[in-house]
Amino acid sequence: MQTYDLYKLLKEELKNGSKDLVTRASGEVLRRRIERDILNEEDGVVIAIDFSGIGVIDYSCADEMVAKLISRLISEEYGDKYILLTGLNKNQRENIAVALERKDLAVMVEMENGEKIFLGNLHNYLKESLFLILKKNKITAKEVSEILGIRLNTSGTRLLNLCKKRLVKRTEEIIDGGRVWVYDKLFK
């Protein structure tokens, strides 16, 4: 996992002495910086954007920075990368959640108290599968099918959709002599 200290990036890019993320223009400056850095990362890397040194983030900045990053991430503009947010407080969480929900996006988050959640929009059946992955750490479509009592093709589709939304990682492993997709949470 690669951690980006948002407070450090804020100081380097804006040089205004504030720890608050306000205005769409500020969000654009930081998003562009993060995008430049992301493009230099190896494929498969999980990038944790750390908000712990940040004060408030308003809706316009959250929309410009976080929602656009996630939108471009799932459209694969950055390659095979993953983003999660860490160190969020309750107030930051609210504005980021609204920005993501309005664009029908979701991202994994570790709150400042250590709680691991997702923010944004996700269908209930995807939530059910995501929570199962978070509980088990790694899982296959067969295991999801057996645990939830659903068809194998249904569980495989759910897991693939979570992977496409960049909420879980997918790797191919050999299990019982056959190749199987294994889905893994982003947090370690």
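This is a predicted model: local features need pLDDT of at least 70, side-chain atom pairs count only at pLDDT 80 or more; totals for chains, interfaces and linings use all residues.
# Reading helices, cores and a sheet

Visitor: Which residues of α1 are buried?

Guide: Leu6, Leu9 and Leu10. They span an arc of only 105° around the axis, so they sit on the same side of α1. Their packing partners are β1 (2-5), α2, β2 and α3.

Visitor: And what follows α1?

Guide: Lys15 does, and its phi is positive, near 50°.

Visitor: How do I read a nonpolar core?

Guide: Begin with the general idea. In soluble globular proteins, nonpolar side chains tend to be buried together. Now the case here. The largest nonpolar core has 36 residues. Leu21, Phe51, Met65, Leu85 and Ile96 touch the most other members.

Visitor: Which elements give two or more residues to this core?

Guide: The helices are α1 (6-14), α2 (24-39), α3 (59-74) and α4 (90-102). The strands are β2 (46-50), β3 (82-88), β4 (106-111) and β5 (116-120). The largest share, 8 residues, comes from α3.

Visitor: What is Met65 in contact with, leaving aside neighbours within four places in sequence?

Guide: Its contacts are Leu6, Leu21, Gly27, Leu30, Arg31, Ile34, Phe51 and Ile57.

Visitor: Is Glu64 buried or exposed?

Guide: Read the accessibility against the cut-off. Buried means under 20% relative accessible area. Glu64 has 4%, so Glu64 counts as buried. Glu64 is found in helix α3.

Visitor: What does the side chain of Glu64 make polar contacts with?

Guide: One partner is the side chain of Arg24, at 3.3 Å. Another is the side chain of Arg31, at 2.6 Å. Not counting residues up to four places away in sequence, Glu64 touches Arg24, Gly27, Glu28 and Arg31.

Visitor: How does Lys68 count by relative accessibility?

Guide: Lys68 lies in helix α3. Its relative accessibility is 30%, so Lys68 counts as partly exposed. Leaving aside neighbours within four places in sequence, Lys68 is in contact with Arg31, Asp63 and Tyr78.

Visitor: How do I compare sequence separation with spatial separation?

Guide: Take a pair of C-alpha atoms and read both values. Lys68 and Leu100 are 32 residues apart along the chain, and their C-alpha atoms are separated by 9.0 Å. Now take Glu115 and Val98. They are 17 residues apart in sequence and 19 Å apart in space, C-alpha to C-alpha.

Visitor: Where does Glu115 lie?

Guide: In the loop between β4 and β5. Glu115 is partly exposed, with a relative accessible area of 39%. Leaving aside neighbours within four places in sequence, its contacts are Arg93, Val109 and Glu110.

Visitor: How do I read the faces of a helix?

Guide: Look down the axis and see where the buried residues point. In α6 (residues 141-148) these are Ala141, Val144 and Ser145. They fall within an arc of 100°, so they line one face of the helix. They pack against α5 (124-136), β6 (138-140) and α7 (152-164).

Visitor: Which exposed residues does the face of α6 turned away from the buried side carry?

Guide: Lys142 and Glu146. Just after α6, Gly149 takes a positive phi of about 70°.

Visitor: How do I read a sheet?

Guide: Strands of a sheet pair through backbone hydrogen bonds, either parallel or antiparallel. This structure has an open sheet of 3 strands in the order β6-β8-β7, with antiparallel pairing. The edge strands are β6 and β7 (168-175), each pairing on one side only. The twist averages 35° from one strand to the next.

Visitor: How many bridges join β7 to β8?

Guide: There are 8, and the two strands run antiparallel. Strand β8 covers residues 178-185. Ile175 stands opposite Gly178 in β8.

Visitor: Which strands does α5 lie across?

Guide: α5 lies across β6, β7 and β8, running at about 130° to β6. α7 lies across β6, β7 and β8 as well, and runs at about 130° to β7.

Terms used: Residues are numbered from 1 along each chain as its sequence is written. Side-chain values use heavy atoms; hydrogens and water are left out. A nonpolar core is a set of buried Ala, Val, Leu, Ile, Met, Phe, Trp, Tyr and Cys residues joined through side-chain atoms within 4.5 Å. Buried means under 20% relative accessible area, exposed over 50%, partly exposed in between (1.4 Å probe, protein chains only). Helices (H or I, at least four residues) and strands (E, at least two) are DSSP runs, numbered from the N terminus. Contact means heavy atoms within 4.5 Å. The arc is that of the directions from the helix axis to the C-beta atoms. Two strands pair if DSSP finds at least two bridges between them. Axes are lines fitted to C-alpha atoms, for helices over the stretch in contact, and angles run from 0 to 180 degrees between N-to-C directions. A polar contact is a pair of N or O atoms within 3.5 Å; within protein, one must be able to donate a hydrogen and the other to accept it, and residues adjacent in sequence count only if both atoms are side-chain atoms.
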